Amino acid sequence: MTTSTHKKLLNQLSNKPGKIEKYKKYNVPKKRKHGEKTHTCRRCGRTGAHISKYGLKLCRHCFRENAIVLGFKKYR
Ligand SMILES: [Zn+2]
């Protein structure tokens, strides 16, 4: 797994506590210090299409939804 979060898989195994223990023992997410996957959107957690300019730290989807609230204008 690339995103270092196992939220989805742990949700799938929520009814099997023995399997969760075994999974956590052998598949602990790697702690990443640098690289593409360290840049996550602070609103939704997405790793792709990251905008860090002006300290936004948002993905393009969240930026598009909140651009007007943040004070950006759309020029034509
Ligand atoms: Zn986002």
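Trainee: Which spacing do the donors of the zinc ion follow along the chain?

Mentor: Good place to start! Along the chain, the donors of the zinc ion follow the pattern C-x2-C-x14-C-x2-C. Please keep in mind that this is a predicted model.

Trainee: Which residues are the protein donors of the zinc ion, and which atoms do they use?

Mentor: The donors are Cys41, Cys44, Cys59 and Cys62, each through its SG atom. These atoms lie 2.2 to 2.3 Å from the zinc ion.

Trainee: What does the pair Cys44 and Cys62 tie together?

Mentor: Look at where each one sits. Cys44 is in the loop between helix H2 (17-26) and strand S1 (50-51), whereas Cys62 is in helix H3 (residues 60-70), so the pair ties together parts that are 18 residues apart in sequence.

Trainee: How do I read the geometry of the site of the zinc ion?

Mentor: Start with the general idea. Four tetrahedral donors have ideal angles of 109.5 degrees at a metal. In this model, the angles among the four donor atoms of the zinc ion are 104 to 113 degrees, and the site is tetrahedral.

Trainee: Is Cys62 buried or exposed?

Mentor: Relative accessibility tells you, and buried means under 20%. Cys62 is at 4%, so it counts as buried. Cys59 is at 0% and is therefore buried. Cys44 has 41% relative accessibility and counts as partly exposed.

Trainee: With cysteines in view, how many disulfides does the count come to?

Mentor: First the general idea: a disulfide is a covalent bond between the sulfur atoms of two cysteines. For this model, the count comes to zero disulfides.

Trainee: And how many salt bridges does the count come to?

Mentor: To read one, look for a side-chain nitrogen of Lys or Arg within 4 Å of a carboxyl oxygen of Asp or Glu. The count here comes to one salt bridge. In it, the side chains of Arg43 and Glu65 meet at 3.0 Å, N to O. The pair links distant parts of the chain, with Arg43 in the loop between H2 and S1 and Glu65 in helix H3, 22 residues apart.

Trainee: Which of the accessibility classes does Arg43 fall into?

Mentor: Arg43 counts as partly exposed, at 47% relative accessibility.

Trainee: Which residues make the nonpolar surface patch?

Mentor: Tyr54, Leu70 and Phe72 make that patch, which is about 330 Å². Let's take Tyr54 as an example. You will find Tyr54 in the loop between S1 and strand S2 (58-59). Its relative accessible area is 64%, so Tyr54 is exposed.

Trainee: What can I say about the backbone angle phi of Tyr54?

Mentor: Tyr54 is not a glycine, yet it has a positive phi of about 60 degrees. Lys57 is not a glycine either, and its phi is positive at about 55 degrees. Lys57 is found in the loop between S1 and S2. With 47% relative accessibility, Lys57 counts as partly exposed.

Trainee: How do I read separation in sequence against separation in space, for example for Lys16 and Tyr54?

Mentor: Take the two values side by side. Lys16 and Tyr54 are 38 residues apart in sequence, and their C-alpha atoms are 44 Å apart in space. Lys16 has its place in the loop between H1 and H2. Lys16 is partly exposed, with a relative accessible area of 48%.

Trainee: How many residues apart in sequence are His6 and His50?

Mentor: His6 and His50 are 44 residues apart in sequence, and 21 Å apart in space from C-alpha to C-alpha. His6 belongs to the segment before helix H1 (7-12). With a relative accessible area of 12%, His6 is buried.

Trainee: Thanks! I'll go back to the zinc ion and find Cys41, Cys44, Cys59 and Cys62 around it.

Note on methods: Residues numbered from 1 in each chain as written. Predicted model: local features only at pLDDT ≥ 70, side-chain atom pairs only at ≥ 80, totals over all residues. Heavy atoms only, no water. Donors = N, O, S within 2.8 Å, 3.2 Å for Na, K, Ca; no water. Tetrahedral: all angles 85-135°; square planar, octahedral: opposite > 155°, others 65-115°. Helix = DSSP H or I, 4+ residues; strand = E, 2+ residues; numbered from the N terminus. Buried < 20%, exposed > 50% of the residue type's maximum accessible area, 1.4 Å probe, protein only. Patch = residues over 30% accessible without salt bridge, like charges linked within 9 Å, V, L, I, M, F, W, Y side chains within 5 Å. Areas by Shrake-Rupley, 256 points an atom, 1.4 Å probe, with all protein chains shown as cover. Disulfide = S-S within 2.5 Å.
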